[in-house]
Amino acid sequence: MLFAGFPGVATAVGLFALIWLVVYLKSRGHPVVFDPGNKHGEFGKRLLPMYLDITKFVLGLAAGSIVLLVGSLNFNPSSSRSLKPFASPLFLVAMSIIYGVLFMILLAMSYEYHLHHPNDPRSYTLFQYTRNQSLGFGALVCFCISYIWLIAAATK
């Protein structure tokens, strides 16, 4: 093992790769479009705010979890527990934050390009679609698995 949290980082990267593969295999051969019903701008009105709100909620929970756990263990003098057993799930939570932030940024950038170049066939490609889907679902899956891992580490 390279460092205490390496299994968490490896899990996050492996999950991301697996999700990307599944999304790619499922999406291959299908047209990739942003706007439902081919109504230009519809994604930005209804779906984009919802996706960003869900991501912000998960990011808030993840960041709060890191602060609460590290703070409660480091600043409680009566606690003799080490942070080492929590390193991997904490790295997994941190990776969910990284994936979530990248998801929000890249989704907004992809959509902005699509709005400015609606007739460009490169305005939203299969690569961009699968990347955005993988980052979004990767953030959510890493967050959920990190909580299960945190519970297991805390109850040892």
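## Getting started

A residue is called buried when its relative accessible area is under 20%, exposed when it is over 50%, and partly exposed in between. Cys-144, with a relative accessible area of 39%, is therefore partly exposed. Keep these words in mind as you explore this structure, which is a predicted model.

## The overall fold

The protein chain has 4 helices and 0 strands, so its pattern, read along the sequence, is α-α-α-α. Its C-alpha atoms fill a box of roughly 65 × 30 × 20 Å along the principal axes.

Of the 156 residues, 35% count as buried. The chain exposes about 9,300 Å², and carbon and sulfur atoms supply 70% of that area.

## Inside the protein

In soluble globular proteins, nonpolar side chains tend to be buried together. Here, the largest nonpolar core holds 18 residues, and the members that touch the most others are Ala-12, Phe-34, Phe-43, Tyr-99, Leu-107 and Cys-142. Helices H1, H2 (42-74), H3 (87-116) and H4 each supply at least two residues of this core, with the largest share, 7 residues, coming from H3. A second, separate core has 10 residues, including Val-58, Phe-86, Leu-90 and Ala-153.

Not counting residues up to four places away in sequence, Ala-12 touches Leu-92, Met-95, Tyr-99 and Cys-142.

Ala-139 lies in helix H4 (residues 126-154) and is buried, with a relative accessible area of 5%. Which residues does Ala-139 contact, leaving aside its neighbours within four places in sequence? They are Ser-96, Tyr-99 and Gly-100. Ser-96 and Ala-139 are 43 residues apart along the chain, yet their C-alpha atoms are separated by 4.1 Å.

The structure holds 0 disulfides.

## Charged pairs

How many salt bridges does a search of the whole structure find? The search finds 3. In one of them, the side chains of Arg-46 and Glu-42 meet at 2.5 Å, N to O. These residues are 4 apart in helix H2, so about one helical turn separates them. Arg-46 is exposed at 60% relative accessibility, whereas Glu-42 is buried at 13%.

Asp-53 and Lys-56 form another salt bridge, at 3.3 Å. They are 3 residues apart in helix H2, again about one helical turn. Asp-53 is partly exposed at 45%, and Lys-56 is partly exposed at 48%. Arg-122 also pairs with Asp-120, their closest N and O atoms being 3.4 Å apart; Arg-122 is exposed at 58%, while Asp-120 is buried at 16%.

Leu-2, Phe-3, Phe-6 and Phe-91 make a nonpolar surface patch of about 390 Å². Phe-6 is found in helix H1 (residues 6-27) and is partly exposed, with a relative accessible area of 31%.

How values were computed
Residues numbered from 1 in each chain as written. Predicted model: local features only at pLDDT ≥ 70, side-chain atom pairs only at ≥ 80, totals over all residues. Heavy atoms only, no water. Patch = residues over 30% accessible without salt bridge, like charges linked within 9 Å, V, L, I, M, F, W, Y side chains within 5 Å. Areas by Shrake-Rupley, 256 points an atom, 1.4 Å probe, with all protein chains shown as cover. Salt bridge = Lys/Arg side-chain N within 4 Å of Asp/Glu carboxyl O. Buried < 20%, exposed > 50% of the residue type's maximum accessible area, 1.4 Å probe, protein only. Disulfide = S-S within 2.5 Å. Contact = heavy atoms within 4.5 Å. Core = buried A, V, L, I, M, F, W, Y, C linked by side-chain atoms within 4.5 Å.
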